[in-house]
Amino acid sequence: MDKKLKIAEISVRTGLSASTVSRVLAGKANTSPAAREKVLACARELGVMEGMAAGRMLLNSLLVFAPQRAFDERSDIFYYRVIQSINKALASHEVRLRFCALEENDSDANLFLTRMHENDTQAAVLLGIDDTHIHDLAADVGKPCVLINCRDEKMRLPSIAPDHRLIGQFAANYLFEMGHRSVVNVLCLRRYTMELRLTGIKEAWQTHNLRFQSARDLILVSNFSAKETEALVGEWLDNLAGKTLPTALLVGSDFMAVGAMNALHSRGLRVPQDVSVMSIDGFNLAAIQDVPLTAVHVPRDELGTEAVHLLQQRLIRPNAPVGTLLLNGSLVVRDSVRRVRPGSRRTPVSREGLYDD
């Protein structure tokens, strides 16, 4: 979008004077409600409102530190898309975006300081870096720095992240509201963010007066692999040995949901008729084995956009209070979760069709 407010174009489109358009966009009170609405509607259509909200970036170069896998879509699609959203948010500004790979933990402090002290580094973003020593160094360097999906335990740096605890609680509550009481969670706890989701899930159990028992209600997977999830869920199903199946699986990612569904289908179980499956992810695989996947979307693209806005505020108000912005997830209802009616747990599997072949 052109840096200048498109006052003349808005004036032509709305039939209002340029001075009226200017007053509306400046927030002046001496305009009629009808004129104000016409100008704002046209400004939104032209993308002017987004430009006004973003303001000007008071820098020309931004350095993003992230784990190496974040720069490869095949290795970590979530972080890769976050980086793409940062790039998109900076598209209307003359800001050079640069990158540096750092380990999540035990990061190379010398590399970090070298890159931070470069003349071209006017500000930085730390994406998924958990090393507390790096957080201390970032705060001490004194250049504007925003954390994404990680936290500064000493509360010196601003950060933005999904509200993992609330997302986990919300997802579990949805299954309970759909009538499910026997729910097994299939999660990868490789990072504290996943532990926060599990905390939220346990809170949902407590809210519904249910006792969470890890041995019964939790299957742990070491990574987000569909293959490993299929193997572990399959082994768990085989070990049930005729015991009652859960009515739902709450799975930690779409790829893990693929594995869980494969394990169910290979044992003649249908989704959602026999076992419902819900994911906490929902971006990568809308449909699995022709079953549209119900999921709670974890904010992803929004992280980069809001991080840029947060950085702008730090540039404008460097002495403003530092805090953490937690973004909510969003529920996408598809077909992989069915409502369980009281007294009816599931529809029996039928090996025969309704009609002759």
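What share of the contacts in the protein chain with a separation of 6 or more comes from residues 24 or more positions apart? In this predicted model, in which local features need pLDDT of at least 70, side-chain atom pairs count only at pLDDT 80 or more, and totals for chains, interfaces and linings use all residues, such residues account for 70% of these contacts, a contact being heavy atoms within 4.5 Å. Residues are numbered from 1 along each chain as its sequence is written, and side-chain values use heavy atoms, with hydrogens and water left out.

The protein chain holds 13 helices and 14 strands; these are DSSP runs numbered from the N terminus, with helices (H or I) of at least four residues and strands (E) of at least two. Of its 357 residues, 48% are buried, that is, under 20% relative accessible area with a 1.4 Å probe, protein chains only.

Strand S6 spans residues 183-187 and is mostly covered, with five of its five residues buried. Val-183, Asn-185 and Leu-187 point one way from S6, while Val-184 and Val-186 point the other way.

Strands are taken to pair if DSSP finds at least two bridges between them. S6 runs parallel to strand S8 (residues 248-251), to which four bridges join it; Val-184 has Leu-249 of S8 as its bridge partner. S6 also runs parallel to strand S7 (residues 218-220), through three bridges. Here Leu-187 is partnered by Leu-220 of S7.

Terms used
Buried < 20%, exposed > 50% of the residue type's maximum accessible area, 1.4 Å probe, protein only.
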